[in-house]
Amino acid sequence: MNKEQMVQRMFSSAAKRYDINNTVLSFGQHHYWKRFTIEQTGVKNGSCVLDVCSGTADMAILLAKKAGPSGRVIAADLNPEMLRIGREKVLGQGLGGIISCVLGNAESLQFGDNKFDAVTVGFGVRNVTHLEKAFSEMFRVTKPGGKVVCLEFTQPASPVFRYIYDFYSFTLLPAIGTLLSKDRTGIYQYLPDSIRKFPPAEDLRRLMLRVGFSKVFYNTLSGGIVAVHVGTK
């Protein structure tokens with residue numbers, strides 16, 4: 001089983017309880033992280049936006065509220081179960097006229113060049129097989145002058161806080177997440193391990209520059225456990 005198949009199997013299993021687990025395991029902080037991320041996009045009324053690895057569409061919903069009735073948001077994800085829940089949330093909030101939920105692979109986006117005013121990805125790029133390919137695709141579909149904004153976990157700079165964070169991530173989080181989700185695929189063991197293997201924030205900034213973005217910068221939040229990278233095409 002390759003990485004893509006493994007990740008899809010785990011997220012299909014966890015989809016039904018994914019949102020509540022996010023809230024419990026992040027102590028509600030993921031809502032703040034996502035709002036901060038959307039504020040970096042420059043999305044305004046009438047914008048056309050893509051949310052890659054959209055999952056259950058939290059970020060797409062926030063984007064739609066910025067883009068307004070004349071805007072357009074595409075929520076793309078490779079996992080049908082996550083996307084189904086996202087679509088239900090979109091319809092429940094009356095945003096079906098703004099947001100379209102579509103199956104899509106971050107490494108091979110089905111959209112034309114220079115199409116979107118902004119592209120976002122939240123907690124998704126850790127799960128792709130070829131990271132540089134995914135960012136190249138996001139660069140390709142963004143309009144000149146548009147922004148790509150990435151929200152992802154990273155490693156805290158403080159050694160003391162990193163020790164506490166690692167204890168929580170590798171000991172408490174898997175136990176709590178597995179208990180709440182009743183998952184048997186190992187997703188809550190995979191997630192903290194994927195964070196440790198993911199490039200540090202500065203390395204990710206350099207990768208975005210290498211792909212072609214300019215003015216790449218990042219902010220770290222909540223003691224440095226997440227980073228929000230912003231790149232301009």
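**Salt bridges, surface patch and cysteines**

Modeller: A salt bridge is a side-chain nitrogen of Lys or Arg within 4 Å of a carboxyl oxygen of Asp or Glu. This is a predicted model, in which local features need pLDDT of at least 70 and side-chain atom pairs count only at pLDDT 80 or more, while totals for chains, interfaces and linings use all residues. Residues are numbered from 1 along each chain as its sequence is written, and side-chain values use heavy atoms, with hydrogens and water left out.

Biologist: Which parts does the pair of Arg126 and Glu152 tie together?

Modeller: Helices (H or I, at least four residues) and strands (E, at least two) are DSSP runs, numbered from the N terminus. Arg126 lies in the loop between β4 and α6 and Glu152 in strand β5 (residues 142-153), so the pair joins parts 26 residues apart in sequence.

Biologist: Are Arg126 and Glu152 buried or exposed?

Modeller: Buried means under 20% relative accessible area, exposed over 50%, and partly exposed in between (1.4 Å probe, protein chains only). Both Arg126 and Glu152 are buried.

Biologist: How many salt bridges does a search of the whole structure find?

Modeller: The search finds 16. In one of them, the side chains of Lys34 and Asp58 meet at 2.9 Å, N to O. Lys34 lies in helix α3 (residues 29-39) and Asp58 in helix α4 (residues 58-67), so this pair ties together parts that are 24 residues apart in sequence. Lys34 and Asp58 are buried. Salt bridges also link Asp19, Lys34, Asp58 and Lys89 in a network.

Biologist: Which residues form the nonpolar patch on the surface?

Modeller: Patches consist of residues with over 30% relative accessible area and no salt bridge; like charges are joined within 9 Å, and nonpolar side chains (Val, Leu, Ile, Met, Phe, Trp, Tyr) within 5 Å. Accessible areas come from the Shrake-Rupley method with a 1.4 Å probe, and for residues only the protein chains shown count as cover. Here, Ile20, Val24, Phe167, Leu172 and Ile176 form the patch, with about 410 Å² of accessible area together. Helix α7 gives the most, with three residues. Leu172, found in α7, is partly exposed, with a relative accessible area of 36%.

Biologist: What does the count of disulfides come to?

Modeller: A disulfide is a pair of cysteine sulfur atoms within 2.5 Å. The count is zero. For Cys48, the nearest cysteine sulfur, that of Cys101, is 14 Å away. Cys48 is buried, with a relative accessible area of 15%.
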